[in-house]
Amino acid sequence: MKPLIVVNAATATFDCSFGRGCEGVCCRHGEPSVTPAEQARINGVLDRVRPLLRPEAASALDADGWLSDQQKVGLPMTRVVDDWCIFFNKGCTLHSVGAAEGDFAKYKPIQCVLFPLEPVGDGTWYVRQRGYEGEEWDDLFCLNPANTTRQAVEALAPEMEVAAALGPAFTWGAEPSGK
Ligand code: SF4
């Protein structure tokens with residue numbers, strides 16, 4: 001497997017502080033799009049995920065399902081309930097169920113697994129940052145490079161490994177291989 005080429009590796013900083021002051025704000029209004037294979041994996045584990053959901057999210061799931069009627073990159077997106085992704089409850093419940101089986105990425109949409117890595121479209125990637133490629137990210141302090149000196153390529157080593165395994169042709173909307 002070829003190592004991932006991150007075009008802003010020299011300058012990008014990032015340090016996820018979930019559980020260390022951040023309550024998981026990247027999942028507020030989180031609406032990842034979900035491929036058919038990812039949908040099937042999530043549907044297959046819903047009976048274990050549902051008891052972990054916020055009560056209002058569980059009610060929304062029962063009433064309307066977990067997919068919204070909106071699309072991104074040609075795919076349906078997860079539903080938002082009271083401002084948070086339906087699967088969020090003090091953390092990602094899909095992450096928790098996967099991690100309990102030894103693979104945090106097993107049920108999580110690939111867009112969430114790889115955040116804040118973004119494919120450029122030519123096989124290379126970049127770390128999303130405030131001010132890079134015109135991105136704003138006023139709501140996520142972790143994407144303000146002024147807030148940490150930790151090198152993103154060190155902090156994101158597990159995510160980069162997943163991205164590298166997808167191969168250079170991967171783009172959002174494609175079915176991730178190897179998941
Ligand atoms: S699927 Fe999980 S990681 Fe993705 S936005 Fe929802 S709660 Fe967050």
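Before anything else I noted my contact rule: two residues are in contact if their C-beta atoms, placed from the backbone, lie within 7 Å.

**Ground rules**

I am working with a predicted model, where local features need pLDDT of at least 70, side-chain atom pairs count only at pLDDT 80 or more, and totals for chains, interfaces and linings use all residues. Residues are numbered from 1 along each chain as its sequence is written.

**Entry 1: overall layout**

I began with the elements and found six helices and six strands in the protein. Helices (H or I, at least four residues) and strands (E, at least two) are DSSP runs, numbered from the N terminus. I read their order from the N terminus as α-α-β-β-β-β-α-α-β-β-α-α. The radius of gyration is 16 Å, close to the 16 Å that the globule rule gives for 179 residues, so the protein is as compact as a globular protein of that length. For that I took the radius over C-alpha atoms, with the globule rule being 2.2 Å times the number of residues to the power 0.38. The C-alpha atoms fill a box of roughly 45 × 35 × 30 Å along the principal axes.

I then looked at contacts between residues at least 6 apart in sequence, and 67% of them join residues at least 24 apart.

**Entry 2: burial and the cores**

I call a residue buried if 20 or more other C-beta atoms lie within 10 Å of its own, exposed if 12 or fewer, and partly exposed in between, with C-beta atoms placed from the backbone. Buried residues make up 30% of the 179 residues.

My next search was for nonpolar cores, meaning sets of buried Ala, Val, Leu, Ile, Met, Phe, Trp, Tyr and Cys residues joined through C-beta atoms within 7 Å. The largest has 18 residues, and F14, L117, W125, V127, L156 and A163 have the most contacts inside it. Helix α4, strand β6 and helix α6 (157-166) are the elements that give two or more residues to this core. Which residues does A163 touch, not counting those up to four places away in sequence? I found L4, L114, L117 and W125. Another core, of 16 residues, lies apart from the largest one, and includes L53, C92, V97 and Y107.

**Entry 3: two helices compared**

In helix α3 (residues 93-100) I found T93, L94, H95 and V97 buried. These buried residues pack against α1. Just after α3, G102 takes a positive phi of about 90 degrees.

Why does helix α2 (residues 55-64) lie largely in the open? Of its ten residues, the number buried is one, so that is how it lies. Just after α2 I noted G65, with a positive phi of about 85 degrees.

**Entry 4: domains**

I used domain bounds from an automatic or database domain assignment. It gives domain 1 (1-23 + 110-172) and domain 2 (33-108). Their centres, taken over C-alpha atoms, are 22 Å apart. Five residues from domain 1 and five residues from domain 2 take part in the contact. Helix α4 (residues 110-114) gives the most to the domain 1 side, with three residues. That side divides into four nonpolar, one polar and no charged. Here Ala, Val, Leu, Ile, Met, Phe, Trp, Tyr, Cys and Pro count as nonpolar, Asp, Glu, Lys and Arg as charged, and the others, Gly among them, as polar.

**Entry 5: around the ligand**

I count a residue as near a molecule or strand if its C-beta atom, placed from the backbone, lies within 6 Å of it. Of the 13 residues around the ligand, C27, G30, C85, C92 and C112 come nearest. The shell divides into nine nonpolar, three polar and one charged.

F115 and P116 are joined by a cis peptide bond, with omega about 10 degrees. I placed P116 in the loop between α4 and β5 (117-119).

H29 is not a glycine, yet has a positive phi of about 60 degrees. I found H29 in the segment before α1 (36-49). Is H29 buried or exposed? It counts as exposed because it has 11 C-beta neighbours inside 10 Å.

W137, another residue other than glycine with a positive phi, is near 50 degrees. W137 sits in the loop between β6 and α5, and is partly exposed, with 17 other C-beta atoms within 10 Å.

**Entry 6: E135**

E135 is in the loop between β6 (125-127) and α5 (152-155). With 14 other C-beta atoms within 10 Å, E135 is partly exposed. Leaving aside neighbours within four places in sequence, I found E135 in contact with R128, Q129 and R130.
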